[in-house]
Amino acid sequence: MKANITALKQGLIRCHDCGWLVKIADKLSHCPRCDSQLHARLPYSLQRTSAFLISGMLLYIPANVFPIMTVNQFGVGEPHTIVGGIIELIDSKMVPIALLVLVASILVPLFKLIGLSLLLLSVHFRWQINARLWTVMYRIIAFVGRWSMLDIFMISILVDLVNLGGVAQIIAGPAAIAFAAVVILTMFAAKNFDPRLLWDSQENQ
Amino acid sequence: MFVTNDLNSTNYDACPECDLLINHAHPTIGDKVHCPRCGFLLARPRKQSIEHTFSLSIAGLILIFPANLLPMIGIEVMGESTNGLLFSGVMALFSKTMWPVAIVVFLASILFPLVHILLSFLISGHLYFNRSCRYLASWMCWMQHLDEWVMLEVYMLGIIVACVKLMAMAEIKFGWGLYAFIALLIITGMLTSKLDTELFWHRIGKLRKEHYHES
């Protein structure tokens, strides 16, 4: 067998869900083993990924500008943005936790937005790149996405626990919706990106 | 109609991330098969994957109850105290404006973990007892897609950060619900690592073939 020949070039489609190989010549629309729809590559991968990605980018702005929660203590309300919450943690000498929140809520979403844009651009303009390295980047993006939900879960716990009437109360702010949307949209974007396109656009494989 | 495809399964595999056509490997337990071109982990056979998945999912189904019904953490400030459950965290957000966030938290921390364990139980149970079911393949597809939306470990990290933030202003108490939740989180992690996807699909395909030959 010649080195580096893809299944598609050999006239084979790999089922996305169960990995079964099907001959294109058999003209099947569904996998004989698991009944999933067969596609050589994820359908409309670039279009769908960019749609989710652009929505995510736009929502990243309100997610960081608006307060993510408001802390009411003795009737005095104090709104916090994501960055504000991190600064407050640093002030109270909780640097490791502050770093954790910084990575999960600011750096990871930013890295995902930039990384996915680069992946899309490289496929669209058929950049000649080290595809192995870029596939690793794709894997990291797909893996770290869910960890950004940390902030949302933390808020749900705080809002639930700190509900002591006039003494202290925490209320979720509008940025929470935007931030949750960013996390989910970028997860969808990563799921719709087909890393095989990176390899397809390399001329000397 | 079941179409037999001689080229498949016996001879070749394709890498899901770079589509490289590879000679089908026959790894033994403990081996790891990586794609030679992109490095993707193609196969990692697990010891008694079906039996382990079956027993772990039963343990998970039992643990879901205390993890959801018992209080996890409570705080006490100036004589006033509150208790938090998984579901009360969802309800706290369920206001006129925050309901989308509440739904996301509900799905990722309660419903999806439950469905994931239920699907593991149904699939491994059918495979363990060699019973065919026409939904087996779609259950398996669902379970694979659901995997990344089960966010118990992220929720755990959320609990830790919340506790650190509350430490200064209140006294924190941990309830039995939290310990059940941690156990559930470990079970879910083990379920994912014990799952031998290739073996499961192979068995599902075989059961399905036998079923077609009988009828």
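Q: What domains does the assignment give for chain A?
A: Two are listed: domain 1 (1-40) and domain 2 (44-200). Keep in mind that this model is predicted. The centres of domain 1 of chain A and domain 2 of chain A are 35 Å apart, taken over C-alpha atoms.

Q: How is chain B divided?
A: Chain B has domain 1 (1-45) and domain 2 (48-214). Between the centres of domain 1 of chain B and domain 2 of chain B lie 30 Å, again over C-alpha atoms.

Q: How do you know what confidence the predictor has in chain A?
A: Look at the pLDDT, which runs from 0 to 100. Chain A has a mean of 90, and 98% of its residues reach 70 or more. Among the elements of chain A, helix α1 (residues 45-65) has the highest mean, 96. Strand β4 (residues 76-80) of chain A has the lowest, 86.

Q: What pLDDT does chain B average, and which stretch is below 50?
A: Chain B averages 89, and 95% of its residues score at least 70. Over residues 1-9 of chain B, however, the pLDDT is below 50. That stretch still has 13 contacts in the model beyond near neighbours in sequence. Where pLDDT is low, predicted coordinates should not be read in detail.

Q: What ipTM and pTM does the predictor give the complex?
A: The ipTM is 0.90 and the pTM is 0.90.

Q: Why is B:Val101 called buried?
A: The cut-off for buried is 20 or more other C-beta atoms within 10 Å. B:Val101 has 24 C-beta neighbours inside 10 Å, so B:Val101 counts as buried. Its place is in helix α3 of chain B.

Q: Which residues does B:Val101 contact, leaving aside neighbours within four places in sequence?
A: From chain A come A:Ile152, A:Ala172, A:Ala176, A:Ile177 and A:Ala180. From chain B comes B:Leu93.

Q: How far is B:Val101 from B:Asn23, C-alpha to C-alpha?
A: They are separated by 46 Å, and they are 78 residues apart along the chain.

Q: What separates B:Glu51 and B:Tyr128 in sequence and in space?
A: In sequence they are 77 residues apart. In space their C-alpha atoms are 6.7 Å apart.

Q: What makes B:Gln48 exposed?
A: B:Gln48 has 12 other C-beta atoms within 10 Å. The cut-off is 12 or fewer, so B:Gln48 is exposed. B:Gln48 lies in the loop between β4 (41-43) and α1 (49-69) of chain B.

Q: What is the phi of B:Gln48?
A: Phi is about 45 degrees, a positive value, although B:Gln48 is not a glycine. Most residues other than glycine have a negative phi.

Q: Where is A:Asp35, and what is its phi?
A: A:Asp35 is in the loop between β2 (21-23) and α1 of chain A. Its phi is near 70 degrees, also a positive value in a residue other than glycine.

Q: Why is A:Asp35 called partly exposed?
A: A:Asp35 has 16 other C-beta atoms within 10 Å. That falls between 12 and 20, so A:Asp35 is partly exposed.

Q: How do α3(B) and α4(B) pack?
A: Helix α3 (residues 99-128) and helix α4 (residues 136-146) of chain B pack at an angle of about 145 degrees. Their axes are 10 Å apart. The crossing is left-handed. Among the contact residues are B:Phe112 and B:Leu119 of α3(B), and B:Trp139 and B:Met143 of α4(B). By class, the contact has 11 nonpolar, three polar and no charged residues.

Q: At what angle do α5(B) and α6(B) cross?
A: They cross at roughly 145 degrees, and their axes come within 9 Å. α5(B) passes α6(B) in a left-handed crossing. B:Leu152, B:Glu153 and B:Met156 in α5(B) meet residues of α6(B) including B:Ile182 and B:Leu185. The contact divides into five nonpolar, two polar and one charged.

Q: How many residues does each chain bring to the contact between chain A and chain B?
A: Chain B brings 57 residues and chain A brings 54. On the side of chain B that touches chain A, the largest share comes from α5(B), with 10 residues. By class, that side has 38 nonpolar, 12 polar and seven charged residues.

Note on methods:
Residues are numbered from 1 along each chain as its sequence is written. Chains are lettered from A and ligands numbered from 1 in the order in which they are written. This is a predicted model: local features need pLDDT of at least 70, side-chain atom pairs count only at pLDDT 80 or more; totals for chains, interfaces and linings use all residues. Helices (H or I, at least four residues) and strands (E, at least two) are DSSP runs, numbered from the N terminus. Domain bounds come from an automatic or database domain assignment. Axes are lines fitted to C-alpha atoms, for helices over the stretch in contact, and angles run from 0 to 180 degrees between N-to-C directions. A crossing is left-handed if the near helix is turned anticlockwise from the far one by less than a right angle, and right-handed if clockwise. Two residues are in contact if their C-beta atoms, placed from the backbone, lie within 7 Å. Ala, Val, Leu, Ile, Met, Phe, Trp, Tyr, Cys and Pro count as nonpolar, Asp, Glu, Lys and Arg as charged, and the others, Gly among them, as polar.
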